[in-house]
Structure formats: structure tokens, C-alpha cells
Amino acid sequence: MAAKKSTAVTSASGATLRDSFDKELFKRSVLYNIKTLYRKTLEEASPQQVFQAVSYAIKDQVVDMWLETQKQYEKKDPKTVYYLSMEFLMGRALGNMMINMKAYKDVKAALEELGLDIDAIEDEEPDAALGNGGLGRLAACFLDSLASLGYPAYGCGIRYRYGMFKQQIRDGYQVEVPDNWLENGNPFELRRPEYAKEIKFGGYVNVRVDENGRNNYFQEGYQSVKAIPYDMPIVGYGNSIVNTLRIWDAEPVDVFRLDSFDKGDYQKAVEQENLARNIVEVLYPNDNHYAGKELRLKQQYFFISASVQEAVAKFMRTHDDIRKFHEKVTFQLNDTHPTVAIPELMRILMDEYYLTWDEAWEVTTKTCAYTNHTIMAEALEKWPIELFSRLLPRIYQIVEEINRRFVLEIERKYPGNQEKVRKMAIIYDGQVKMAHLAICAGYSVNGVARLHTEILKTQELKDFYELFPEKFNNKTNGITQRRFLLHANPLLADWVTAHIGDDWITDLSKIKKLKVYADDEKAQQEFMNIKYQNKVRLAKYIKEHNGIEVDPRSIFDVQVKRLHEYKRQLLNILNVMYLYNELKDHPDMDFYPRTFIFGAKAAAGYRNAKLTIKLINSVAEVINNDASINGKIKVVFIEDYKVSNAEIIFAASDISEQISTASKEASGTGNMKFMLNGALTLGTMDGANVEIVEEVGAENAFIFGLSSEEVINYENHGGYDPMEIFNNDQDVRRVLMQLINGTYSQDTELFKSLYNSLLNTLETSKADTYFILKDFRSYAEARNKAVEAYKDEKGWARSAILNVACSGKFSSDRTIEEYVKDIWHLDKVKIRK
């Protein structure tokens, strides 16, 4: 299907908020908000109250644009994408809104006239606890790009009260505490009770035959909660477009049951309250027990049912034929979590609009598209049939019928081949397989980096690719340069604009014009000076939060990302232990000072990941307090890694650690944020690293380790024995023995499970699943090459500038345009003033 013709997104007058910014009106608005919200003067207001007052003043202007955007959408009736995601890792809203309204400098000046510091005000805003990892941050970047490019879109998710958790480090251990981000309220959200929806769980399905002989299905004996939407504005850059992030809160259907209190049955009276509260309390509840699995499935169905019900209702408010739903609506399933959208849309179409199965299937399979985010089998969700059918009885009936018809299709294509059925069926071995459902019913299946998509087609999803080759496509991930350069690194952003103009803000491909400055000595000096100032800023943050003095003239070698064994933070810290050994053995060796910076959250139930955090902090404790090495190595673990401190970290980094086991990382987007800010990649040929190296050239990165083909070959055919490396490499052996000999803990058993995971001394599972020892030497050599390159300041500056100049491909604007052209087929909308 050809892409529809698009038109540019600008207001007809070309006006933006910046053109019409009324400084005096804004100042009066801030003072008025302080008075009416808190009955205080500016001098009496707390920093948090000032933040709230400024946010409401900005929101006043945003709401005008929001109303106008919705008016235009209603008038033009464009096709809309609903981006369905368990996570939206939005970061702070205030600064991003001011940037995209092109009002940041004007607001800063107005606040200075009131005696207020814009940075201090921004620091009062908590990060919205609506996500955790790359999946959620990608969703946030996509929403920014959709609005900035002028495409109609809703993000749909859950309004978590406490997010995943706030990470505290106590005695080196990760401790999970509630992230009470809503404690002071969220000034940017709007509660929309008029769009509340009822969500049903449990009970049974009753079938009644109507006068036409048609079976009608009714869920009865169920428990239900009320889903209440809260809307947050997503402001496009300089185009007056404001899209919507709709996050659903849960409330009890009956707030108070007087009869239950009269009978003294307090528990019964609050059971609905508890059901509602539990659903929206935390992101990714621990699912290594049955109750956790049940809660996760409830969460998924809760926000999906509410979003799909409202999408259908919204369509029917202005249209009369539900069979044309797919012409105006597309659902993008961000990984497998939202896959229940498929049977839920079928349910609504058949049970509420009385479409036949074939009619409903036609609409559904033209509406739903699926993004796969992982090669890891553990993340391809599967639900026990008993749980799924008990919690979602009508949905399970529909999935069963989808599966029955799909198995018939497989058997027609591959007669007598039960192995194909086993590998591809949606329901098999007592489990409902959500990725299989998404591929069967989706009209598009995309990976998120070229290597990832190829591995899906040739390995993980090979059988599905053979059956549905036309569905598979690649959309390499991207990031929004507006947050991760324009807002996060204003010094570098201003420098880029001074050299090549500001077109890069809305078209990152234009940043390639910087290439001509890579060999310019003056530009190199300016660039390195900006990097130094950003390192001073991060060093100040580290001193304030960790109490550790780090030297901004040292190399900042950084690995910040979700903690998982395949991401190999363990390889990193083992190598730091090795370097420390070298320095202790040879105190007079030539050793360029280095600061190793980590930031990561581990899932609450993930033992080895949490133990890796403890190891990093134990190593830091020893090294940072060893006066004999004169501060040549410092190790820092940044607590509670999130978008707001990530912005400071990316801007200050010299080396970007992207060291996942080849073939395991789908894409990664942190690698792109580092690149955009002039850090050089030290990594494996995995995920989007492959494309980064293509863009910037292998001479401007440091690549090491097994290839994805080699890893897959070892996994399929064996031939790797980590014990052989342990026996033959004394440096590796020494480092591993230090895990269990008391070097970093008096408790010699503390890190035993990490030691065992690498050598499998217990012979309970495969040893060194992620090839840490296999890549150890190659990693050490690449790290050494990076240090040698850094010593050549001009050469390093040249490579760093080229990394920035070659980052154009990795904008989420480019990714979204590809989704629009190949999958969604949306039209851009102009806002006229």
C-alpha cells in the first residue's frame, strides 16, 4: 500500500509561542498561581510550590494549543495511531514542554526577573514513574516525534502510583522503596471521568440465542473496576500540535457498600477498593509467584480494555460503520504486553456491535501491528491456561478460536507436520503464547534494529517468517534530539547551532554538516571544553549524591542501562578488578586516570542482577579508599538511574559501554544518546551498535568480542568451556578467585553465585551463558585501545565530533516516518491560527 501524501506541519502564520510570548503576563500568572493555590507570596512559597505555579502557568498556554489541535483533528478526521505500551518513561515534563514551545529562554529570562533559577525549579519536578527501561523511553521518544511531525496519536498506558520502585543503595545493596512521584500532584495531567470504562475480571460466560438464532455472549459473576483516564499533553516542537498521553487509573465501581458495613463485613466492603488499588500500584510486580503473574495479566487487560473500548467509542461518535474502524485507527502493540488488544477488539466487535467472526477478524487484522523488542525467549510472554481462562473467560474463548483456526492454517500449509504446530500454535503445552497471537493477528511485525530483525527472521521466529514473510519489516529505533541534546546538553546544542544553524532540531540528518569541523583545531578545542564543563557538572552531581570526588580530567567510562546478565555489567566490573590488580602490581606503570560510572536498576526478584550491583559497590568501596593508587581509578554507582540524571550523564561521557553479548540486545537506544553527545562506543557488534559503526566508521569506535554468528553457533553446537579459560589465563583466574576469597567481602559466600554462574562448579546449568570469560581478553584490549586513543586529544576530539555528525540516522523522527510510510499510513495535520 502506498504511503499517503503528507503536508508540512506549521501554523499558517508561522507563529509560535516564542513569537508571541508575553513576559509580563507570564510573571503575573506565576504570582497569581502562588497566591490562589497556596495563599502565599512568592517570598513565602516553597521551591515545590514555585515549581507547581510555574507549571500551571505553562500548562495554561499548552491547553490552548491542545484544544486547537483536537478541534483540527475533529474537523479533518485523520487516521490516528494508538501506541499501546505498559511503559512510558517520560522524564520531567516542564523543561521538555518549554523547549518544544520554543519558549525556554524567554521563560528563563522571566523567571530571573522574579529572582528564580530555572534549573532549581526543574529539579523540583519528580520523574514521572510510568516506566523503567528502554521500552518505555522509546515510547516517550516516539510520542515526542509524532507530535513534532504533526501526526495524530494517543499514547495509552497505566497511571502507576509508585512506578517500578525508587532505588536506594544501602550498604552497597539495592533496596526498593516506593517512588511516590504523585505526592505533590501532577500539574500537567487532566482527569477525564467522562470517559471512564468498566473492566471485568473473572466470572463465567453465558450464551443466549437471540431471535435470529445468533449466539450472544455475556460475562457474568465477574468482579469489575472502573478505569479513569488521565490525559497528559505531548507538545510538538514549534508547530502548536499537542497530542495526548492517556494513562488509566483504577477506582472501585462501588466506592462504599453500606450493607457490608452494617453486617460488620469490613473486608467485603473494601475488596473492590483493594482490587483497584493493586492494579495501578506498581509497574512490573514480581512475577516469580502466582499472585504476581495474576496481577501482571490484570494490569495488561485493564489498560488495554479501557483503551480499546474508548478508541471504538471515539470512532463511533463520528462514524456509523464499525466495519471501517481500521481506516481511521491503528493499534501499535509495543512488545507482547498489549497483545490482549487483539481478542478484546474481537470481543467488542462481535459482542457489542454484532459483527460475524469473519467481519470482526477482517477489522482486527487490519488494525493491530506488533513490535518485537527482544530476542530473549524469557521476554516472549506466556500465560498458564488456567490463569488466563479464569481471569479473562470471554477473552480466552476468543483466543481459543483464533488458535483453532490458525492451527488449521498451519496444517493446510504443512500437512502432517506436528512439529510446526508445536512451534507455532498460540495455545500449546498448557500455555497461551502472546507473541504467537500478535504475529498471527497483526498486519505488521517489526524488529527494532537490522541485526535484530534478521535474527528474528532466521532464528527465533523463523517458522512465522516462512508463513508470513510479507508481515516482517525492520524499524531501527531512534531517540529525540530535542530532549537528549537540545535540553540535556545546552552547551553542545548552542555550539552545534552556532556552526550549522538550527535545522537539526527538527531534521537530525542535517547534523552531518558538522563533519567539516572534525579537523578544525579551534572547533576541536571548543568541543573538548564543552565536554569538560559537562564533566564538571556530573562530577558535582556525583559529589553531592555519592560523596565521591572524581576528576573531570579523567576518562569518564560509562555504562548506564537496565541491569541484566546479557548486558554484562559483570564483564565491566570484572575488568575494573583486573585493572586494579595491574595497578597494584605495577604502581609505577603508565596509567591514565579513569572514572568508571555505572547506573542500573535490577528487577526486584532478579538475584544475580542485584548481586552484581552489590559487587560493583563493594569494588568501589575498596578502590575508592585505596590511597596508594592516587585516585587513578574511581568507581561510581549512580543511585536511582532515570531520565533526569541520564541527561547529565550522557552529556559528560567519554566512553559509551555497549557490551551486551552479541545477538542478545535487540537495539539499545542509550548507545544513540551517548553518540549524539560525542561519546565513543566501546562495544560488541550487537543491536544498533552495528548501524552506529556503519554510520561513523569502525575507526571511530572500539569493537570487540564474539560476533552474533559465533555466539549462536556456540549456543546451538557447543564447544565453549569457560573452565579452560579459567585454567589457562592467570589474570582471569585471579579476578574470579577474588569473588570468593574475601578481597571484596568478608563473607566469602556472598558472591559465590556469580562465581558459579561463570564456571558452573555446581553443574546445575550451562556455565557462562553470556560468554563473559570468552570476551574478557578482547574487551580488555579494546578498553586499552580506547585509553590510548584518548591520550591523543586532537584525534579524540575529531572522532567525538564525527560521532555527533554521524548520529542523524538515529533520530526517532526518522523511525516514526518509517512507521508512517510502511505500517500506519497516517496524514500530517496543520494547525492554523
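Author: Contact here means heavy atoms within 4.5 Å. The model is predicted, with local features needing pLDDT of at least 70, side-chain atom pairs counting only at pLDDT 80 or more, and totals for chains, interfaces and linings using all residues. Residues are numbered from 1 along each chain as its sequence is written, and side-chain values use heavy atoms, leaving out hydrogens and water.

Reader: Why does the radius of gyration agree with that of a compact globule?

Author: The radius is taken over C-alpha atoms, and the globule rule is 2.2 Å times the number of residues to the power 0.38. For 833 residues a compact globule would have a value near 28 Å; the protein has 27 Å, which therefore agrees.

Reader: What makes a residue count as buried, and what percentage of the protein does so?

Author: Buried means under 20% relative accessible area, with a 1.4 Å probe and protein chains only. Of the 833 residues, 61% count as buried.

Reader: Why are α23 and α30 called roughly perpendicular?

Author: Axes are lines fitted to C-alpha atoms, for helices over the stretch in contact, and angles run from 0 to 180 degrees between N-to-C directions. Helix α23 (residues 569-585) and helix α30 (residues 730-738) pack at about 110°, their axes 10 Å apart. Angles of 65 to 115 degrees count as roughly perpendicular, and α23 and α30 are therefore described in this way.

Reader: Which residues meet there?

Author: L574, M577, Y578, N581, E582 and D585 in α23 meet D731, R734, V735, L736 and Q738 in α30.

Technical notes
Helices (H or I, at least four residues) and strands (E, at least two) are DSSP runs, numbered from the N terminus. Angles under 35 degrees count as roughly parallel, over 145 as roughly antiparallel, 65 to 115 as roughly perpendicular and the rest as oblique. Buried means under 20% relative accessible area, exposed over 50%, partly exposed in between (1.4 Å probe, protein chains only).
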